[in-house]
Amino acid sequence: MERKRSIVHMDLDSFFVSVERLFDSRLNGKPILIGGSGDRGVVASCSYEARKFGVHSAMPMRTARQLCPEALIIRGDFEKYSQKSHEITEIIREDVPLFEKSSIDEFYIDYTGMDRFFGCFKMAQELRQRIIKESGLPISLGLSENKTVSKVATGEAKPDNEKEIPYGMEKPFLAPLSVRKIPMIGEKTSHTLYNMGVKTVRTLQVMPAELLEATFGKNGLIIWEKANGIDRSLVTPYSEAKSISSENTFEQDTIDVKMLEAHLIAMTEQITTKLRQKQQLTACVSVKIRYSDFDTHTVQQRISYTSADHTLIPIVKELFRKLYNRRMLIRLIGVRFSHLVNGNYQINLFEDTQEQIKLYQALDRLNTRYGDKTVCRAIGMAVGRRRFNPFNGVAL
């Protein structure tokens, strides 16, 4: 007989806003927008007071200001948020046998088998109270048999509350909710479902899985399972990557600066894509050179947290120019990003416009689907090998 699982989902409420209020109590109770302050900036986070006016994260800042003119706009400090996230991660690490950190402010905890000793919901409640007491931040939780239902339960418990879904009650709990409550159903998918006359999870539950598969491909089956409270995914043990890097040793030592820069740009594109796929940001860039006599030099620079190519490539090029001063043949070059933090944002929402965010999301989808370098900067096309020709659809 399969053992019943006990999965907790914890989510810090309006995390960025809550951290700002921790440092400045004058912000309590006021509508807050965090993100880029320019007209083309994007809302990274907003308070519940601002959400009442229809504001939400990833909304253009101009639109948010129109909806809520009295809102206070804060630029945001990702380093401060990262530190608080690390603090809470350590509290959870000390207290639970197995957990997964899915983003800077979200955690899954596997308490399976622990109910015979103490009671999983009671353990989760006590952990939540400890986090609130030691961090000063509000946090909500959901407990159920799997990750999907627990995440939805957390959303229903918010703000600053907790909710348990007993075994066997997953489908009845989900049934009356909007389809938008199901993880992985975003604006585009929900619009398609609305056009099909599907607005609540209850309707999804009784639909033939084959119809959803015909409409959405393999994702349709996943949507049907999630709607029916089925999720077999495991809690992945958390481990924090310290750095990500790429190096290239040339077959022939070279002094061709343009070619060297092309390789640096291609490597930077490659590892920034990986950062975004892993939902990570970097705060330190390093460039390495090894000359033909094996003499090796490295230079690094601390930066604001980001995973955007257009921010990192100029820094990499500038570091290379500072480092390459011997005018000797080069044997190896490398790029390394360190001081990594988890973040549920593909790029730095404090710096970038809505157009840039959409561009990176589109590029990452294409390169994930068709292979690295399907779309890349022209200077990097001659570097490495593409697995797909975007002009004729032929694999290389």
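User: Which residues do ring pairs link into a cluster?

Analyst: Rings of Phe, Tyr and Trp (its six-membered ring) pair if their centres lie within 6.5 Å. In this predicted model, Phe15, Phe16 and Tyr81 form a cluster linked by ring pairs. The count of aromatic pairs is five. As to the basis, this is a predicted model in which local features need pLDDT of at least 70, side-chain atom pairs count only at pLDDT 80 or more, and totals for chains, interfaces and linings use all residues. Residues are numbered from 1 along each chain as its sequence is written, and side-chain values use heavy atoms, with hydrogens and water left out.

User: Is the pair of phenylalanine 320 and tyrosine 324 stacked or edge-to-face?

Analyst: Planes under 30 degrees apart count as stacked, over 60 as edge-to-face and the rest as tilted. Here the ring centres of phenylalanine 320 and tyrosine 324 are 5.6 Å apart and the planes are at 20 degrees, so the pair is stacked.

User: Where does arginine 51 lie?

Analyst: A charge sits over a ring if NZ of Lys or CZ of Arg is within 6 Å of the ring centre and within 35 degrees of the ring normal. Arginine 51 lies over the face of tyrosine 48, 4.4 Å from the ring centre. Lysine 147 lies over the face of tyrosine 108, at 4.8 Å.
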